[in-house]
Amino acid sequence: LENTGNFLSVVGRMGKGFDWKKLSFNAEGSCGSGSRSLLRQGSLIRFHSEGFNANITLSMEPMERLVLANKSSTSRRTMRAGGDEQSAPLINFINATSLSYSFANGLLFSLGFEYYHMQDKNWQQDFFLLDAQMAYTFRRIRFALNLNNVLNAENFIFSHLGSLNTFYSEYRIRPASIHLSARFRLY
């Protein structure tokens with residue numbers, strides 16, 4: 001069956017850097033609306049969606065050799081099929097934070113934390129990841145010890161059962177691991 005769709009989106013961005021504590025701030029926002037045909041029980045119906053997304057990124061050096069960075073993202077989306085059948089809003093929130101400290105002797109320690117939250121009016125899902133790294137540079141060789149998935153998360157499941165849509169995605173996560181690497185710089 002012939003199928004067409006339309007989508008309109010507006011995006012705005014802004015950013016600013018400051019000398020104080022090497023502070024950097026960036027923000028991005030978007031909103032959009034669209035429609036397309038959807039096959040339901042052998043006939044095409046019009047499917048409408050609309051939503052917004054906002055991202056904020058912040059980085060700074062609160063103390064000498066200590067760097068903090070954070071990125072937060074949130075979105076809200078609603079869907080409607082046919083005339084008036086509308087879904088509850090689907091809300092996502094993602095936060096990624098990293099912290100690193102460089103010691104005077106060339107040793108670097110860093111932590112990374114990610115949090116994912118999804119919800120509508122009937123359910124909610126949360127997911128966490130934590131990574132750590134120690135690195136040391138000696139002459140032209142950089143040694144790194146990585147501790148990945150410290151919390152040993154096994155899988156990330158994103159599922160939704162609603163009046164308009166049902167979907168399920170499962171991503172297997174590499175188990176907790178230790179990784180030692182060395183990088184060489186030739187010149």
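## Why these labels?

Biologist: Why is F127 called buried?

Modeller: F127 has 9% relative accessibility, and buried means under 20% relative accessible area, with exposed over 50% and partly exposed in between (1.4 Å probe, protein chains only). So F127 counts as buried. Bear in mind that this is a predicted model, where local features need pLDDT of at least 70, side-chain atom pairs count only at pLDDT 80 or more, and totals for chains, interfaces and linings use all residues. Residues are numbered from 1 along each chain as its sequence is written, and side-chain values use heavy atoms, leaving out hydrogens and water.

Biologist: What makes Y116 and F127 an aromatic pair, and why is it tilted?

Modeller: Rings of Phe, Tyr and Trp (its six-membered ring) pair if their centres lie within 6.5 Å; planes under 30 degrees apart are stacked, over 60 edge-to-face, and the rest tilted. Here the centres are 5.8 Å apart and the planes make 50 degrees, so the pair falls under tilted. Y116 is in strand 7 and F127 in strand 8, 11 residues apart. Strands here are DSSP runs (E, at least two residues), numbered from the N terminus.

Biologist: Which residues form one aromatic cluster?

Modeller: That would be F93, F113, Y115 and F128. The structure holds 8 aromatic pairs.

Biologist: Why is M134 called partly exposed?

Modeller: M134, in strand 8 (residues 124-138), has 40% relative accessibility, so it counts as partly exposed.

Biologist: What about T78, buried or exposed?

Modeller: Buried, because its relative accessibility is 9%. T78 is in strand 4 (residues 66-81). Leaving aside neighbours within four places in sequence, T78 is in contact (heavy atoms within 4.5 Å) with H48, S49, E50, Q86, S87 and P89.

Biologist: And why is S75 called buried?

Modeller: S75, also found in strand 4, comes out at 16% relative accessibility, so it counts as buried. Neighbours within four places aside, its contacts are F52, N53, L90, I91 and N92. S75 and L90 are 15 residues apart in sequence, yet 8.1 Å apart in space, C-alpha to C-alpha.

Conventions
Helix = DSSP H or I, 4+ residues; strand = E, 2+ residues; numbered from the N terminus.
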